[in-house]
Amino acid sequence: AFAAKALATRLSKLEYASEYGRTLVGGLPLLVKLLSASDPDAQAYSAAAVAMLGQDKRNVAVLTEEGVLPALAALVMTEVDEVRKHLALAVAHCCDWGENREVFGAMGAVVPIVGFLRSEDTDVLRNTALAIAVLSENETNSAELRSADTVTLLIDLLGSTDEEIQLTAAKAIEHIRRNHL
């Protein structure tokens with residue numbers, strides 16, 4: 001947990017954190033492994049680091065090769081909001097590259113994320129709406145999200161006082177609707 005915390009803290013203070021990730025290539029397998037730690041703090045900090053590094057598509061490519069998608073998918077059943085907050089953002093960034101949104105969906109990890117929308121934590125809601133917007137760009141994921149009654153929860157988010165939550169919820173609804181036609 002301490003190593004993941006130190007890395008996440010360091011990355012959060014860097015202006016170019018995503019570019020810094022390329023200097024950590026040898027450490028990325030360890031970061032992915034830390035996602036499967038039993039300690040929720042280690043999970044949260046590792047997911048936070050993945051989310052920050054995931055802002056750069058080259059980092060996502062390396063993380064994907066190192067098995068980040070199964071590691072993220074294994075965490076979707078968590079009920080710890082601190083983990084959910086960072087996990088949802090990591091999913092949003094990592095699944096917005098190549099075929100990752102399809103692969104993540106094939107792992108059965110899309111519908112469990114819908115449960116994150118029942119949180120009262122604004123950061124969890126913001127990041128989850130973003131993750132769902134990214135995942136819903138895939139037709140199969142959209143169909144699963146529609147069947148899970150995700151649209152009802154997203155409509156509730158349209159009334160949020162947080163503009164970013166409103167916009168990403170609207171984008172997710174648009175994707176789900178467009179892919180349903």
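This is a predicted model: local features need pLDDT of at least 70, side-chain atom pairs count only at pLDDT 80 or more; totals for chains, interfaces and linings use all residues.
Let's start with helix H7, which covers residues 81-94. With 14 residues at 1.5 Å a residue, H7 should span 20 Å, and its end C-alpha atoms are 19 Å apart, so the two values agree. Is H7 enclosed or open? Eleven of its 14 residues are buried, so H7 is largely enclosed by the rest of the structure. Among those buried residues are Val 83, Arg 84, Leu 87, Val 91 and Cys 94. And what does the covering? The list includes helix H4 (40-53), helix H5 (57-65), helix H6 (68-73), helix H8 (100-106), helix H9 (110-114) and H10.

Asn 127 has 10% relative accessibility; buried means under 20%, so Asn 127 counts as buried. Apart from its neighbours within four places in sequence, Asn 127 is in contact with Lys 85, Ala 88 and Leu 89.

Now for helix pairs. Two packed helices are described by the angle between their axes and the distance between the axes. Take helix H10 (residues 122-135) and helix H13 (residues 163-180): they pack at an angle of about 30 degrees, and their axes are 8 Å apart. Angles under 35 degrees count as roughly parallel, and H10 and H13 are therefore roughly parallel to each other. The crossing of H10 past H13 is left-handed. On the H10 side, the residues that meet H13 include Leu 125, Ala 129 and Ile 132, while the H13 side includes Ile 165, Ala 169 and Ala 172. By class, the residues of this contact between H10 and H13 are eight nonpolar, three polar and three charged.

H13 has another partner to look at, helix H11 (residues 139-147). Here the packing angle is about 105 degrees, with the axes 9 Å apart. That makes H11 roughly perpendicular to H13. Glu 139, Ser 142, Leu 145 and Arg 146 of H11 meet His 175, Ile 176, Asn 179 and His 180 of H13. This contact of H11 with H13 has two nonpolar, four polar and two charged residues.

Finally, follow the chain past H11 into the loop between H11 and helix H12 (150-157), where you'll find Asp 149. Its phi is near 60 degrees, a positive value in a residue other than glycine. Asp 149 has 44% relative accessibility, so it counts as partly exposed.

Note on methods
Residues are numbered from 1 along each chain as its sequence is written. Side-chain values use heavy atoms; hydrogens and water are left out. Axes are lines fitted to C-alpha atoms, for helices over the stretch in contact, and angles run from 0 to 180 degrees between N-to-C directions. Helices (H or I, at least four residues) and strands (E, at least two) are DSSP runs, numbered from the N terminus. Angles under 35 degrees count as roughly parallel, over 145 as roughly antiparallel, 65 to 115 as roughly perpendicular and the rest as oblique. A crossing is left-handed if the near helix is turned anticlockwise from the far one by less than a right angle, and right-handed if clockwise. Contact means heavy atoms within 4.5 Å. Ala, Val, Leu, Ile, Met, Phe, Trp, Tyr, Cys and Pro count as nonpolar, Asp, Glu, Lys and Arg as charged, and the others, Gly among them, as polar. Buried means under 20% relative accessible area, exposed over 50%, partly exposed in between (1.4 Å probe, protein chains only). The expected span of a helix is 1.5 Å times one less than its number of residues.
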